[in-house]
Amino acid sequence: MKIIERYKKPTPSFFRKLRNIGIALATAGGVIIAAPISLPAAVITIATYLTVAGTVATAVSQAVVSDQNKDEN
């Protein structure tokens, strides 16, 4: 399957929800990392993990497509 074909196919609803959660995690982690105040190292480490986990979840969820036709649902 070519990349253009993959982007044209619909994403299943579970993976759309997972993608949105991943975006929220990555955003929250990024905000904590970029905070203009001094934070403990443990908080920065957790924020880094949140950002990485959110980014990976978003990328994987975006790549999943449904092979079923709309008539078969």
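User: Why is A34 called exposed?

Analyst: This is a predicted model, in which local features need pLDDT of at least 70, side-chain atom pairs count only at pLDDT 80 or more, and totals for chains, interfaces and linings use all residues. Residues are numbered from 1 along each chain as its sequence is written, and side-chain values use heavy atoms, with hydrogens and water left out. The relative accessible area of A34 is 60%. Exposed means over 50%, buried under 20%, and partly exposed in between (1.4 Å probe, protein chains only). A34 is therefore exposed.

User: Where is A34 found?

Analyst: A34 is in the loop between α2 (13-33) and α3 (41-63). Helices are DSSP runs of H or I with at least four residues, strands are runs of E with at least two, and both are numbered from the N terminus. From A34 to A47 there are 13 residues in sequence and 9.9 Å in space, C-alpha to C-alpha.

User: Why is G54 called buried?

Analyst: G54, in helix α3, has a relative accessible area of 0%. That value falls under the limit for buried, so the word applies to G54.

User: What is G54 in contact with, leaving aside its neighbours within four places in sequence?

Analyst: Contact means heavy atoms within 4.5 Å. On that basis G54 is in contact with G22, I23, L25 and A26. For one of these, I23, the C-alpha separation from G54 is 5.9 Å, at 31 residues apart in sequence.

User: What does the side chain of T58 reach?

Analyst: T58 is also placed in helix α3, and its side chain reaches the backbone nitrogen of I23 at 3.2 Å. A polar contact is a pair of N or O atoms within 3.5 Å; within protein, one must be able to donate a hydrogen and the other to accept it, and residues adjacent in sequence count only if both atoms are side-chain atoms. The distance of 3.2 Å meets that limit. Not counting residues up to four places away in sequence, T58 touches R19, G22 and I23.

User: How is T11 classed, buried or exposed?

Analyst: T11 has 16% relative accessibility, so T11 counts as buried. T11 lies in the loop between α1 and α2. Residues up to four places away in sequence aside, T11 touches R16, S61 and V64.

User: What makes F14 and F15 an edge-to-face pair?

Analyst: The structure holds 1 aromatic pair. In this pair, F14 and F15 are 5.1 Å centre to centre, with 80 degrees between the planes. Rings of Phe, Tyr and Trp (its six-membered ring) pair if their centres lie within 6.5 Å; planes under 30 degrees apart count as stacked, over 60 as edge-to-face and the rest as tilted.

User: Why is F15 called partly exposed, and why does F14 count as exposed?

Analyst: F15 has a relative accessible area of 24%, so F15 falls in the partly exposed range. F14, at 53% relative accessibility, counts as exposed.

User: Which residues make the nonpolar surface patch?

Analyst: I3, I4 and Y7 make a nonpolar surface patch of about 360 Å². I3 is in helix α1 (residues 3-8) and counts as exposed at 53% relative accessibility. Patches are made of residues with over 30% relative accessible area and no salt bridge, where like charges are joined within 9 Å and nonpolar side chains (Val, Leu, Ile, Met, Phe, Trp, Tyr) within 5 Å. A salt bridge is a side-chain nitrogen of Lys or Arg within 4 Å of a carboxyl oxygen of Asp or Glu.

Key:
Accessible areas come from the Shrake-Rupley method with a 1.4 Å probe; for residues, only the protein chains shown count as cover.
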